[in-house]
Amino acid sequence: MKRSSRVISVDSAGRVQSVEEAGVREARERLRQLAWLLDSSIPIPGTSFTIGVDALLGLFPVLGDLLGVLISGYIVKEAARLGAPRSLLLRMAANIGVEGVVGVVPFAGDVFDAAWKANQQNVRLLDAWLERRERTERSSRLFSVSLALGLAALLVLLGVGGFFLVRWAIGAL
């Protein structure tokens, strides 16, 4: 008899909660541990706030932020390996992008990085997708469309602003 490599979670009433391949459970746990290490592994004494190795890396200008983004990219790579849809991967990459861009700002970026916790957000997104695929894919598609529309609106505003700036400059001559 062939053995299945699936893990089935059942609630107390006997209803199936989730079905996942055996390797997925280990990958999820490994990603949770990595996200915790990067975002929340170091408690700040006297507070309930935590920071992670990623925030410490950010103290090294440019190189530390780049290294943090590269390590965070591993979570997105693993999500792609697990079959996450492009819309979810885009959402995860946007979280890392925000953290990376804002993280470049000295000190304020490091504080933002410590509070944003993009890696833990991304692992939660991946977990949500693995547990409720249709709902998470729909919200990720909505995010992707909103992001595209926002960028298009920004480009239009920059174009209109540039037009009026050139028009003003020519009129000032």
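1. The model is predicted, so local features need pLDDT of at least 70 and side-chain atom pairs count only at pLDDT 80 or more, while totals for chains, interfaces and linings use all residues. Residues are numbered from 1 along each chain as its sequence is written, and side-chain values use heavy atoms, with hydrogens and water left out.

2. Helix α4 (residues 86–103) packs against helix α5 (residues 108–116) at about 155 degrees, and their axes are 8 Å apart. Helices here are DSSP runs (H or I, at least four residues), numbered from the N terminus. Axes are lines fitted to C-alpha atoms over the stretch in contact, and angles run from 0 to 180 degrees between N-to-C directions. The two helices are therefore roughly antiparallel (angles over 145 degrees).

3. On the α4 side, N95, V98, E99, V102 and G103 meet G109, D110, F112, D113 and W116 of α5. Contact means heavy atoms within 4.5 Å.

4. V98 lies in α4. Its relative accessibility is 34%, so V98 counts as partly exposed (between buried, under 20% relative accessible area, and exposed, over 50%, with a 1.4 Å probe and protein chains only). Leaving out residues up to four places away in sequence, V98 touches G103, F112 and W116.

5. The largest nonpolar core has 20 residues, and I75, A84, M92 and L126 have the most contacts inside it. Such a core is a set of buried Ala, Val, Leu, Ile, Met, Phe, Trp, Tyr and Cys residues joined through side-chain atoms within 4.5 Å. Its largest share, six residues, comes from α1.

Methods:
Angles under 35 degrees count as roughly parallel, over 145 as roughly antiparallel, 65 to 115 as roughly perpendicular and the rest as oblique.
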